[in-house]
Every structure is written in C-alpha cells, then in structure tokens.
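The entries below follow the order in which I looked.

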Amino acid sequence: MGEILRNYDVLGAFWMTIYLAFFSAIGALVIGTIMAVMRVSPIGVLRWAGTTYVNVIRNTPLTLILVFCSLGILYILQVSLADEQSPTSIVDNNIRWAIVGLAVYHAAFVCEALRSGVNTVPLGQAEAARAIGLTFWQSLTQVIMPQAFRGAIAPLGSVLIALIKNTTVASIIGVAEASGLMKEIMENETASLGVFLIFAVGFVILTLPTGLLFTWMSQRLAVKR
C-alpha cells in the first residue's frame, strides 16, 4: 500500500474530487434555486419551463450530459472555457465542462428538494404575506424560500452526497479524479483489493461527515410548527 501511495498521487485525485464537488454544488444550488422559483411561479410559461427542465435532465443519464459537454460543445461547437494558448487548455476545459455538466444535472434534484421544502410552508403564510401587501417576489424571498431552505436541508444533503459520488463519472471525459486514478492503478498493479479499499475509505471519509452534518443541521434548523 505504501508503494502505491508513493507512486501515485492519490491525495491529488481526491482533491480533484473535492474541487469538482464544491464548484458543481454551488452551480447546482444556483440553477436549482432558479428552477424552483420558476416551478412555483404564478406565470404559466415559467412553470412549464421549470417542469420541462427537471423532467428532461432527471431522465437523461449523467454520462450523456458530460459527453455532450465535452464532445458536443467543446470539440464540435468549439466553445472553450479555458485559454486555448495555455499548455493545460485541454485539461482545464475538461475540468470546467465536467463542473458545468455536474451542476446542470444535479440542479434538477436541487430544484425538487427545494420544491418539497416549499410544500412544507403552510399556505396561510403565503396568504398572510399577500394580505399585508407583499408582492409575489417579496413573499417568496422574505417568507417562503427561507423556510423552504430550512425544510429542505436533509434532501439537499442527499443531493450533495450523490454529487460527490457522481464525480466519478467525470473520468469518462479525461478528468483525473479519484475513480479514474483507481482504474489506472488497478490496471498497473496487482493489489486490486487493497487499492479498492483505499478509495472506498476515501469516499466514506468524504460522504459520511457530510451526511452527519446535514442531519444535524436539519434537526437544528427545523422550522417549529
């Protein structure tokens, strides 16, 4: 095991997993929040657009989304997210498009988590907000969404854990994250079980504290009815 850890950058691979998960989570939260607002909007076109996004993305394999981002947008449409003059432009593009693909995919699940949080807010609170003269946007941002986020902490934690595990799919477009390195090591070394255990423990270390944190937060920040 020591020789494997010396010869391969295992910590670097897990750092790339954390990097992908962190920025993808931010993107998914932003896009998912926008989609959740659209889904509860009184404007029919916005509701339709939000519903269509969620249904299409949730029923599209993540592998297909990442391949589309890498091959379709980057190589066919020539849309680059990195400086083409840089010697690391290919690697940088793959990483950034992986973040985009992961964010777009998980945003659909963030949207549904937040919509479930919105459903926990009593209808009377929205009616009271309108009764005191608040607009839809004011009641949404000041009354409904703050409670929706608190009610959706547990499902949002589940989405984040799924995102961390789904970063392994990024290896198909050449991102050197943990699962990609594991495959390389298992192809080159004989200690397959030991290698598997190293990476399994690594993912447990990433996901278990996250689950415990969100469980604690959901209990600590739960809205008292």
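This is a predicted model: local features need pLDDT of at least 70, side-chain atom pairs count only at pLDDT 80 or more; totals for chains, interfaces and linings use all residues.

Entry 1, the core. I began with the largest nonpolar core, which has 34 residues, and those with the most contacts inside it are L20, Y53 and V175. By nonpolar core I mean a set of buried Ala, Val, Leu, Ile, Met, Phe, Trp, Tyr and Cys residues joined through side-chain atoms within 4.5 Å, where buried stands for under 20% relative accessible area, exposed for over 50% and partly exposed for in between, with a 1.4 Å probe and protein chains only. The elements giving two or more residues to this core are α2 (10-39), α3 (44-58), α4, α5 and α8 (153-166), and α5 supplies the largest share, twelve residues. I then looked up V175, which, leaving aside its neighbours within four places in sequence, is in contact with M16, L20, N94, I95, A98 and A170; contact means heavy atoms within 4.5 Å. Apart from this core lies another, of 13 residues, among them V10, A13, V195 and L206.

Residues are numbered from 1 along each chain as its sequence is written, and side-chain values use heavy atoms, with hydrogens and water left out.

Buried residues make up 40% of the 225 residues. Of the contacts with a separation of 6 or more, 76% are between residues 24 or more positions apart.

The axes of α4 (residues 62-76) and α5 (residues 89-119) come within 9 Å and cross at roughly 135°, the axes being lines fitted to C-alpha atoms over the stretch in contact and the angles running from 0 to 180 degrees between N-to-C directions. That makes α4 oblique to α5, since angles under 35 degrees count as roughly parallel, over 145 as roughly antiparallel, 65 to 115 as roughly perpendicular and the rest as oblique.

I looked up S116, which has its place in helix α5 and is partly exposed, with a relative accessible area of 32%. S116 and G151 are 35 residues apart in sequence, yet 7.9 Å apart in space, C-alpha to C-alpha.

Conventions: Helices (H or I, at least four residues) and strands (E, at least two) are DSSP runs, numbered from the N terminus.
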